[in-house]
Amino acid sequence: MRVVLEAAGMESMNSHWHDSAPAMTAYAIVLSHVTKTFRGTQGREVTAIRDVSLAIPTGQFVAIVGESGSGKSTLMHCAAGLTGPTAGAIDLAGTNLTMLSPAKRSRFRSQHVGFIFQDYNLVSSLTVAENIELPSRITPGRRASADTGEVLRSVGLADRAQHLPHELSGGEQQRVAIARVLAGQPSVIFADEPTSALDLGNSDLILRHLHHLSRRGATVVMVTHDVDAASRADRAVVMAHGGTVDDFPNPTREQLIDRVMSAQWPQRQAL
Ligand SMILES: Nc1ncnc2c1ncn2[C@@H]1O[C@H](COP(=O)(O)OP(=O)(O)OP(=O)(O)O)[C@@H](O)[C@H]1O
């Protein structure tokens, strides 16, 4: 572990995670000094994340938590290879993403990575079953998918296979998105605010599935501003102003509320 942390330049930031980490040697994701700057209209630049280093062991369920604008989505998009960093290096599932062309990066992503988005991202013209089978049908080299009926049963939607997404509630659509990930069996899963539009029961189900997936060996990165959801992860990395400011193993809701608020709004102490 020390070797990778040193490579990522992050020994001190992760010291308490380091102390309690299980004896894992493999890392699914390593970000080394990653910066992402967007050039907006009229040439104005916004640096969304700055010099971020982070190492995520294989099989860990990690939450990236922080206030709006802190850089969570940008970090996730860089780590998943959806966008290239301005500086720094990203290693995902043993492959240096920054060395790949956009086309190769896209192929790599479709073979190894699963996504769950806040707005479900289902293809509206395809049935629930077709949405679940789509990634393995269009991706050469993708691992054989699990049985569609079986994964639908596991998310409580066995009787909805032939329905279109608009015939389902938001919670049910997110359960289809989880079923799609279960079917594709990716080694790394990125979830961007997967529970923010859901009621308590559906949120709980999604979080249980994410936890279960990580226990089966998948690495799960969940971006959220919901500290309740984040406290269900093995680890929470707190972001503020484009950087990582803390890193909690087995985070509690109270720890996260306090750290997120003090990082983003230091002036509140004076009130
Ligand atoms: N394409 C872009 N062009 C210009 N600026 C951007 C772009 N994407 C993000 N930003 C800026 O980068 C910063 C971080 O944005 P990001 O979406 O990563 O934050 P976030 O923590 O995910 O926020 P939220 O929780 O509201 O989604 C913000 O100031 C945002 O305005």
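These legends walk you through several close-up views of one predicted protein model.

**View 1**
Residues are numbered from 1 along each chain as its sequence is written. The pLDDT is the predictor's confidence in each residue, from 0 to 100. The protein averages a pLDDT of 86, and 86% of its residues score at least 70. Over residues 1-25, however, the pLDDT is below 50; this stretch still has 35 contacts in the model beyond near neighbours in sequence. Two residues are in contact if their C-beta atoms, placed from the backbone, lie within 7 Å. For the model, the scores are ipTM 0.97 and pTM 0.86.

**View 1. The helices and strands.**
The secondary structure comes to 10 helices and 10 strands. Helices (H or I, at least four residues) and strands (E, at least two) are DSSP runs, numbered from the N terminus. How much of the protein counts as buried? Of its 271 residues, 45% do. A residue is buried if 20 or more other C-beta atoms lie within 10 Å of its own, exposed if 12 or fewer, and partly exposed in between, with C-beta atoms placed from the backbone. Among contacts with a separation of 6 or more, 68% come from residues 24 or more positions apart.

**View 2. The shell around the ligand.**
Here 13 residues surround the ligand, and the closest are Phe-38, Ala-48, Ser-68, Ser-73 and Thr-74. A residue is near a molecule or strand if its C-beta atom, placed from the backbone, lies within 6 Å of it. Which element gives the largest share? That is α3, with three residues. By type, the shell holds three nonpolar, nine polar and one charged residue. Ala, Val, Leu, Ile, Met, Phe, Trp, Tyr, Cys and Pro count as nonpolar, Asp, Glu, Lys and Arg as charged, and the others, Gly among them, as polar.

**View 3. Helix α3 and its buried face.**
Lys-72, Thr-74, Leu-75, Cys-78 and Ala-79 are the buried residues of α3. Seen down the axis of α3, they fall within an arc of 165°, so they line one face of the helix. That arc is the one made by the directions from the helix axis to the C-beta atoms. Just after α3, Gly-81 takes a positive phi of about 80°.

Four strands make an open sheet in the order β2-β1-β4-β5, with antiparallel pairing. Two strands pair if DSSP finds at least two bridges between them. At the edges are β2 and β5 (95-96), each pairing on one side only. Nine bridges join the antiparallel strands β1 and β2. Look for Tyr-27, whose bridge partner in β2 is Pro-57, and for Leu-31, which stands opposite Leu-54 in β2. β1 and β2 form a hairpin with five residues between them, and Gln-42 in the turn has a positive phi of about 60°.

**View 4. Strand β9, covered on both faces.**
Is β9 enclosed or open? Six of its six residues are buried, so β9 is largely enclosed by the rest of the structure. On one side sit the buried residues Arg-235, Val-237 and Met-239, and on the other Ala-236, Val-238 and Ala-240. Five bridges join β9 to β3 in parallel, with Ala-63 partnered by Ala-236. β9 also pairs with strand β10 (residues 243-249), in the antiparallel sense and over six bridges; there, Val-238 stands opposite Asp-246. The hairpin of β9 and β10 has two residues between the strands, and His-241 takes a positive phi near 50°.

**View 5. Val-260 in helix α10.**
Val-260 is found in helix α10 (residues 253-264). Val-260 counts as buried because it has 23 C-beta neighbours inside 10 Å. Leaving aside neighbours within four places in sequence, Val-260 is in contact with Val-65, Gly-66, Glu-67, Val-227 and Val-238.

Terms used:
This is a predicted model: local features need pLDDT of at least 70, side-chain atom pairs count only at pLDDT 80 or more; totals for chains, interfaces and linings use all residues.
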